[in-house]
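Colleague: I am new to this structure. Could you take me through it in short steps?

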Amino acid sequence: MTEDLDALAKQLDREHVFHSWSAQAGLDLPVIAGGSGTVVWDHAGRRMLDFSSQLVNVNIGHQHPAVVAAIRAQAEELATIGPATANLVRGRAAQRILDKAPDGFAKVFFTNGGADAIENAIRMARLHTGRDTVLSTYRSYHGNTGAAIVATGDWRRMPNQYARGHVHFFGPYLYRSEFWATTPEEESERALHHLERVIQSEGPSTIAALLLESIPGTAGILLPPPGYLAGVRALADKYDIVLILDEVMAGFGRTGRWFAFQGYDVVPDLITFAKGVNSGYVPVGGVLISDAISATFDDRVFPGGLTYSGHPLAAASIVASIDAMEAEGIVDNARRVGEDAIGPGLRDLGTRHPLIGEVRGEGVFWALELVSDRESREPVGADVIGRLKKELTSRGLLPFAADNRIHVVPPCVVTDGEVQEAIAIYDEALTSVEDDLF
């Protein structure tokens, strides 16, 4: 008799694995045994479209052969080495990343992931300026380590506030404007006025950094309105504050650009990255450091480091991933498929489904904001989102849900045909849930 590997996987998971951001009792998680491109499957061969990209990180798709081969080849040559060495593949990985950055960046500090990239960017800004306070938005997520989780604005910050020197402000979000704005231009102007008043009220001479996601991801895929990021840059310059842009989720193709901020007329002082830089095949992240901040540490010790900083397996995966994305036009595919397939398909759903309050996004980075009433814009409850997730999963689509939203975030390699298949599944699932609600 053939062993039921899916049942065994679920049993072992329930008995021995402690899951993040979850109450442990009652978890019933899908089993994933393999994948290719935009598709994953369990041990029984049941196929699902991965429109979550796992945690919005598998940008190049599952099991890209060039990246897998590069990891294998590096493991056979040198599986690990400490950071206090020079290593060719590490240098090449840094060079590949910097090739995509604006002028004025020549150094990369490698970390294990996005959260500790944020930690080290904050550390650099504080040491560079001699100041303490970090300003970040309420609608944000920056990671689950000491300073990163306190810089985060959502509910996950509240049980974890052990780091010092953090102040929050409201960023732009026209659909639920904090500023009584009626146009994107008003939202931008008023959000910038609000931010400047916070800077003035906190005291500019105390503020080390402004920390923003170029496009807030988990908080709702909130595209900046016209002039906002450029306005933040101007305020940072006016008050001599370091601007850190968090590109952990939005970077490396997700928006149809190498970096999301490249569409918004802004250049930061520090850039954090992870996720899409190698699609999570090996844990890695880092900070791109502007020349001015890098020079601070030319003759001064930087008091930070990680055992696995610039790990050779991670570095090899970065080189292979960026090379493959360039050779295969993967970033351009993300832009085109967003414009030609995902955007039009989701907007059509928005015209037909009363649950959908707003559709927003670009590239392969989209959100459906779900409401119980379009006039009041009352968000749907967790029960509706839970029902919708089950409907989507049962129809063969792995979703990404956050608060009252379904995020449509497939790998950058997604095809028009896969988008059409997914749109049909979203349509069916929404219809099923709405039949019970309206």
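Modeller: One definition to begin with: a residue is buried under 20% relative accessible area, exposed over 50%, and partly exposed in between. The model is predicted.

Colleague: Is Asp240 buried or exposed?
Modeller: The cut-off for exposed is over 50%. Asp240 has 54% relative accessibility, so Asp240 counts as exposed.

Colleague: Is Arg131 buried or exposed?
Modeller: Buried means under 20%. Arg131 has a relative accessible area of 19%, so Arg131 is buried.

Colleague: How many residues apart are Arg139 and Glu178?
Modeller: Arg139 and Glu178 form a salt bridge, with the closest N and O atoms 2.6 Å apart. Arg139 lies in the loop between β5 and α6, Glu178 in the loop between β6 and α7.

Colleague: Why are Asp348 and Arg352 separated by about one helical turn?
Modeller: Their side chains meet in a salt bridge at 3.0 Å, N to O. An α-helix has 3.6 residues a turn, so residues three or four places apart point the same way. Asp348 and Arg352 are about one turn from each other because their spacing in helix α11 is four residues.

Colleague: How many salt bridges does the structure hold?
Modeller: Some are linked in a network: Arg387, Glu391, Arg395, Glu428 and Asp436. For the structure, the number of salt bridges is 30.

Colleague: What should helix α4 span?
Modeller: Helix α4 runs over residues 88-99, which is twelve residues. At 1.5 Å a residue, taken for one less than the number of residues, the expected span agrees with the distance between the end C-alpha atoms: 16 Å.

Colleague: Which residue caps the N-terminal end of α4?
Modeller: The buried residues of α4 include Val89. The backbone nitrogen of Val89 lies 3.4 Å from a side-chain oxygen of the cap, Asn87.

Colleague: What accessible area do Trp21, Trp155 and Met158 have together?
Modeller: Trp155 is in the loop between α6 and β6. Trp155 is partly exposed, at 49%. With Trp21 and Met158, Trp155 forms a nonpolar surface patch of about 370 Å².

Notes:
Residues numbered from 1 in each chain as written. Predicted model: local features only at pLDDT ≥ 70, side-chain atom pairs only at ≥ 80, totals over all residues. Heavy atoms only, no water. Helix = DSSP H or I, 4+ residues; strand = E, 2+ residues; numbered from the N terminus. Buried < 20%, exposed > 50% of the residue type's maximum accessible area, 1.4 Å probe, protein only. Polar contact = N/O pair within 3.5 Å; in protein donor to acceptor, adjacent residues only side chain to side chain. Patch = residues over 30% accessible without salt bridge, like charges linked within 9 Å, V, L, I, M, F, W, Y side chains within 5 Å. Areas by Shrake-Rupley, 256 points an atom, 1.4 Å probe, with all protein chains shown as cover. Salt bridge = Lys/Arg side-chain N within 4 Å of Asp/Glu carboxyl O.
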